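Q: I have the sequence and the model open. How should I read burial, disulfides, cores and sheets here?

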Amino acid sequence: QKEVEQNSGPLSVPEGAIASLNCTYSDRGSQSFFWYRQYSGKSPELIMSIYSNGDKEDGRFTAQLNKASQYVSLLIRDSQPSDSATYLCAVRGNNAGNMLTFGGGTRLMVKP
Amino acid sequence: GAVVSQHPSWVICKSGTSVKIECRSLDFQATTMFWYRQFPKQSLMLMATSNEGSKATYEQGVEKDKFLINHASLTLSTLTVTSAHPEDSSFYICSARSHRGDNQPQHFGDGTRLSIL
């Protein structure tokens, strides 16, 4: 079992819809969770961080964390074609060096 | 804030050349920097963790004599790909984490695309 799992997609949504991206992790002691967006040929950029159970909203983005279920999600409201990218879930567990473990990413396609 | 600068952005060179990539944190101090490699349509692969003032920690399967890492200051880490060969062609990305705490996110540089002929 991979430490951080994401559906590779592609996830296709129409413009204006809500895109829902999901991520599960195996280390129950994980404390920090991050969502990165990576456009093709570019490096990842941080979108959201979340540390406690519940929802965290930032503009059109909402991160949701459920530590009991070991599940973190990212909702994108009013999806735009410019949101089309690969979204990486990253989890920091109780590993030496406090490294981030990345999921394989979910490719999102927003169709006009 | 939290800007990470990576240089050069693109390198094309002959097989056997050694290539040095720099990663700088511009507006924060980074005790820890990370080096990743990403092949086309694949996910990020962590190569090594670089701690200021100490030896880097390499992931399994990454040759430390091939990929030399130096982290001499709180704002600069370098990766040198020694005697590069075509199979080393990839997208190399660094990231840095602020020294302010373990909960801080990693911020990525823009990446270096390395093409070995």
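A: Start with burial: a residue is buried under 20% relative accessible area, exposed over 50% and partly exposed in between, with a 1.4 Å probe and protein chains only. This is a predicted model, in which local features need pLDDT of at least 70 and side-chain atom pairs count only at pLDDT 80 or more, while totals for chains, interfaces and linings use all residues. Residues are numbered from 1 along each chain as its sequence is written, chains are lettered from A and ligands numbered from 1 in the order in which they are written, and side-chain values use heavy atoms, with hydrogens and water left out.

Q: Is B:Cys94 buried or exposed?

A: B:Cys94 has 0% relative accessibility and therefore counts as buried. B:Cys23 is also buried, because its relative accessibility is 0%.

Q: How many disulfides are found over all chains?

A: A disulfide is a pair of cysteine sulfur atoms within 2.5 Å. The whole structure holds 2 of them. In one, the sulfur atoms of B:Cys23 and B:Cys94 are 2.0 Å apart. Its S-S torsion is about 80°, so this disulfide is right-handed. B:Cys13 is in no disulfide, and the nearest cysteine sulfur, that of B:Cys94, is 18 Å away.

Q: What is the handedness of the disulfide of A:Cys23 and A:Cys89?

A: It is left-handed, because the torsion about the S-S bond of A:Cys23 and A:Cys89 is about -70°. Strands are DSSP runs of E, at least two residues, and helices are runs of H or I, at least four, numbered from the N terminus. A:Cys23 lies in strand S3 of chain A and A:Cys89 in strand S9 (residues 85-92) of chain A, so the pair ties together parts 66 residues apart in sequence.

Q: Which residues have the most contacts inside the largest nonpolar core?

A: Nonpolar side chains in soluble globular proteins tend to be buried together. A nonpolar core is a set of buried Ala, Val, Leu, Ile, Met, Phe, Trp, Tyr and Cys residues joined through side-chain atoms within 4.5 Å. The largest has 24 residues, and B:Trp35, B:Phe67, B:Leu79, B:Tyr92 and B:Leu114 have the most contacts inside it. A second, separate core of 23 residues includes A:Val13 and A:Ile47.

Q: In what order do the strands of the open sheet in chain A run?

A: Two strands pair if DSSP finds at least two bridges between them. The order in chain A is S1-S3-S8-S7-S6, with antiparallel pairing. S1 (4-5) and S6 are the edge strands, each pairing on one side only.
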